[in-house]
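User: I'm new to this one and would like to learn how to read it. Could you walk me through it, one feature at a time?

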Amino acid sequence: MLTDGPLLTPDEALSRSLVRTVPDAVTNPLADLGNIPVAVPVLVLAMAYALWRGARRRAVLAAGLAMALVPALIVPLKEWTARPGPLEPWAAGYFPSGHTATALVSYAGAALLVSPYTRRRWPAAAALLLVAATAAGLVLRGFHWPLDVLASVLLCTPLLLGVRAARGSGHPG
């Protein structure tokens, strides 16, 4: 169980200053953006759209593989660290955040697949907004510590770099 370290005290202090500063009626829906039934269909639709528009199959497969790798990456770390939650010290498995990982890979993966077919930067901006909203909801509601969220972003970024590499230089097809 992860019980000490130089970052835990500041992480806990930051969390204590943030948790429940925004009503649950606001933070619960934001946190829910990282739920599998909410986030993954966005990626699946983007995958279908990209294929329909003629995207490289390897890019679409890389996005699907990235999402499939999320639990393989996150779950063992949750079990290994067994970090308790901010509001549930009796529970374990909060580090890293699976909801953040799901949101990041789904929304950013979707943006990577869709962006070659638009001249605007809205896919990346939308993905950033959705991931930030998820992270804020999770921390403000007290479902996760700030470091749980940050760890997921750092752990899943290489998965997205793989999707970007498979997509190529940004040219469709």
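Analyst: Let's begin with overall size. The radius of gyration is taken over C-alpha atoms, and the globule rule is 2.2 Å times the number of residues to the power 0.38. Keep in mind that this is a predicted model.

User: What radius of gyration does the protein have, and what would a compact globule have?

Analyst: With 173 residues, a compact globule would come out near 16 Å; the protein has 17 Å, so the two agree. Along its principal axes, the C-alpha trace spans about 50 × 30 × 25 Å.

User: How many helices and strands are there?

Analyst: Seven helices and zero strands. Read along the sequence, that gives α-α-α-α-α-α-α. As for what sits inside, 45% of the 173 residues count as buried. Another thing to look at is how far apart in sequence the contacting residues are: among contacts between residues at least 6 apart, 79% join residues at least 24 apart.

User: Now a pair of helices. At what angle do helix 3 and helix 5 cross?

Analyst: For a pair like this, look at the angle between the axes: under 35 degrees counts as roughly parallel. The axes of helix 3 (residues 36-52) and helix 5 (residues 98-114) cross at roughly 20° and come within 8 Å. That makes helix 3 roughly parallel to helix 5. The crossing is left-handed. On the helix 3 side, the residues that meet helix 5 include Val42, Leu43 and Met47, while helix 5 brings Ala103, Tyr107 and Leu113, among others. By class, this contact has 16 nonpolar residues, three polar ones and no charged ones.

User: And helix 4 with helix 7: parallel or antiparallel?

Analyst: Over 145 degrees counts as roughly antiparallel. Helix 4 (residues 57-81) and helix 7 (residues 146-167) cross at roughly 165°, with axes that come within 9 Å, so the two are roughly antiparallel to each other. Helix 4 passes helix 7 in a right-handed crossing. Among the residues that meet are Arg58, Leu69 and Ile74 from helix 4 and Cys156, Leu159 and Arg167 from helix 7. The tally here is 14 nonpolar, two polar and two charged residues.

User: Let's zoom in on a single residue. Is Thr134 buried or exposed?

Analyst: Under 20% relative accessible area means buried. Thr134 is at 0%, which is why it counts as buried. Thr134 lies in helix 6 (residues 122-141). Setting aside neighbours within four places in sequence, Thr134 is in contact with Leu30, Ala31, Leu33, Gly34, His99, Ala103 and Tyr107.

User: What about the backbone? Which residues other than glycine have a positive phi?

Analyst: First, the general idea: most residues other than glycine have a negative phi, and most peptide bonds are trans. Arg20 is one case to look at, with phi near 65°. Arg20 sits in the loop between helix 1 (8-18) and helix 2 (24-32), and at 44% relative accessibility it counts as partly exposed. Ala82 is another, with phi near 50°. Ala82 is found in the loop between helix 4 and helix 5 and is buried, at 17%.

User: And which residues does a cis peptide bond join?

Analyst: Phe95 and Pro96, with omega at about -5°. Pro96 has its place in the loop between helix 4 and helix 5.

Key: Residues numbered from 1 in each chain as written. Predicted model: local features only at pLDDT ≥ 70, side-chain atom pairs only at ≥ 80, totals over all residues. Heavy atoms only, no water. Helix = DSSP H or I, 4+ residues; strand = E, 2+ residues; numbered from the N terminus. Buried < 20%, exposed > 50% of the residue type's maximum accessible area, 1.4 Å probe, protein only. Contact = heavy atoms within 4.5 Å. Axes fitted to C-alpha atoms, helices over the stretch in contact; angles between N-to-C directions. Parallel < 35°, antiparallel > 145°, perpendicular 65-115°, else oblique. Left-handed = near helix turned anticlockwise from the far one by under 90°. Nonpolar A, V, L, I, M, F, W, Y, C, P; charged D, E, K, R; others polar.
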